[in-house]
Amino acid sequence: MNAVSHDNLPWSREEFEAKLREKGQGYHIYHPLHMLMYEGKLSKEQLQCWVANRYYYQIMIPQKDAAIMSNCPDKEVRKGWIHRITDHDGYEGSEGGIEAWVKLGEAVGLTREQVTSLELVSPGVRFAVDAYVNFARQRPWQESVCSSLTELFAPHIHQQRISSWPTMYPWVKEEGFIYFKKRLTEARRDVEQGLDITLDYFSVSRDMQLRALDILQFKLDVLWVIADAIMLASTQVKVEDRDYTRQPVIKFR
């Protein structure tokens, strides 16, 4: 009988959580676009582009969470997960995160139609977000839960915007901060459930834990690619002294 190598044993729950959190070094908060944002160096047009493009991510989050629930046979998990949908879609007497993001668009000078029509959304953003939703539809629900753990790193980013934008972007209307304030508490609550499920399900072996880290990296990649696409769409780029040519889109309506 072969002895099990210590290197192949699963990490303790505490070690595993620490490694998940270490992945935060690749969170999109460190993307050049976000670094410029936090330094107050984005133009009004660039900030508008970011808001308009991220709206596509916002409206797809409830579909992602509905996909997770549709794959999950555990009633108790579904009962805990369903609030993520109402957090974004809203419910009678309460506007959700999607409407709050539209108000952010209006606060940065866009019209409701410009935001909700998706006319400003980059193809790269669509591809990245759709890949994330398709992952949630096709993979086991526990893997999809794991992919949501970029929320571990989100409260800091929301607080940073609330604290810095009034000084750095004083032209942004105050009602634009509603979404960020909502997510300060919602994200922390969501993390607790998602983290418990991930630590329980993936801690049976080292290979499973490594799989979880790969899944979390996939979601980090999605967010990074979204930032890449937004930066390309909103920044003047030259290639060998030639202006970067953006794809012409022919519309018939």
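Me: A crossing is left-handed if the near helix is turned anticlockwise from the far one by less than a right angle, and right-handed if clockwise. In which kind of crossing does H3 pass H12?

Reply: This is a predicted model, where local features need pLDDT of at least 70, side-chain atom pairs count only at pLDDT 80 or more, and totals for chains, interfaces and linings use all residues. Residues are numbered from 1 along each chain as its sequence is written, and side-chain values use heavy atoms, without hydrogens and water. Helices (H or I, at least four residues) and strands (E, at least two) are DSSP runs, numbered from the N terminus. H3 passes H12 in a crossing that is right-handed.

Me: Which residues of H12 make the contact with H3?

Reply: Contact means heavy atoms within 4.5 Å. On H3, the contact is made by Gln46, Cys49, Trp50, Asn53, Arg54 and Tyr57. From H12 come Lys219, Leu223, Ile226, Ile230, Ala233 and Ser234.

Me: How many of the 28 residues of H3 are buried?

Reply: Buried means under 20% relative accessible area, exposed over 50%, and partly exposed in between (1.4 Å probe, protein chains only). H3 is largely enclosed by the rest of the structure, because the buried residues number 21.

Me: Is Leu118 buried or exposed?

Reply: Leu118 lies in the loop between helix H7 (112-116) and helix H8 (123-138). Its phi is positive, about 65°, although Leu118 is not a glycine. With a relative accessible area of 16%, Leu118 is buried.

Me: What is the relative accessible area of Asp241?

Reply: Asp241 sits in the loop between strand E1 (238-239) and strand E2 (242-243). Asp241 is exposed, and its relative accessible area is 71%.
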